[in-house]
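Please open the structure in a viewer and keep the selection tool at hand.

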Amino acid sequence: MEATTFALPVTPKQIAYARSLALRNQTLLPWEVQQDRRALSSWIDAQARLKPVSALDQLPSSKQVAFAERLACIKRRAVPDECFRDKGLMSKWIDGNR
């Protein structure tokens, strides 16, 4: 006898929760996963364990800002405003003004 597996349809609550997790983690919800209840359930479990991506993760640290301001005083320059919104830009500005 053959063991046949049937894909159970996903529930609207599962889809809604999966979409909210995808937004929170800034990831895509794969189409294949949306077709099977068990696959979606395991995807939800994996995404729920992840740490959410926060806008604060993009901001420079207080130590970066303090160091950049000290450098700016020494060099008699201003730290560009966009550097205060992105830690990568702040790092590049600091490296270029040492």
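This is a predicted model: local features need pLDDT of at least 70, side-chain atom pairs count only at pLDDT 80 or more; totals for chains, interfaces and linings use all residues.

**First stop: helix α1**

Please select residues 12-25, which form α1. The end C-alpha atoms of this helix lie 20 Å apart, in agreement with the 20 Å that its 14 residues should span at 1.5 Å a residue.

Within that selection, highlight Q14, I15, A18, L21, A22 and N25, the buried residues of α1. Viewed down the helix axis, these residues fall within an arc of 125°, so they line one face of α1. In general, an α-helix has 3.6 residues a turn, so residues three or four places apart point the same way.

Now turn to the other side of α1, where P12, K13 and L23 are exposed. Next, step past the end of the helix to Q26, which follows α1 and has a positive phi, near 50°.

**Second stop: helix α2**

What do the buried residues of α1 pack against? They pack against α2, which is the next selection: residues 37-49. This helix has 13 residues and reaches 19 Å from its first C-alpha to its last, close to the 18 Å expected at 1.5 Å a residue.

Highlight L40, W43, I44 and Q47, the buried residues of α2. They lie on the same side of α2, because they cover an arc of only 105° around its axis. The cover over these buried residues includes α1.

Select C73, which is in no disulfide: the nearest cysteine sulfur, that of C83, is 15 Å away. Is C73 buried or exposed? C73 is exposed, with a relative accessible area of 62%.

Finally, select C83. This cysteine is likewise in no disulfide, and its nearest cysteine sulfur, that of C73, is 15 Å away. C83 counts as buried, because its relative accessibility is 5% and the cut-off for buried is under 20%.

Key
Residues are numbered from 1 along each chain as its sequence is written. Side-chain values use heavy atoms; hydrogens and water are left out. Helices (H or I, at least four residues) and strands (E, at least two) are DSSP runs, numbered from the N terminus. The expected span of a helix is 1.5 Å times one less than its number of residues. Buried means under 20% relative accessible area, exposed over 50%, partly exposed in between (1.4 Å probe, protein chains only). The arc is that of the directions from the helix axis to the C-beta atoms. Contact means heavy atoms within 4.5 Å. A disulfide is a pair of cysteine sulfur atoms within 2.5 Å.
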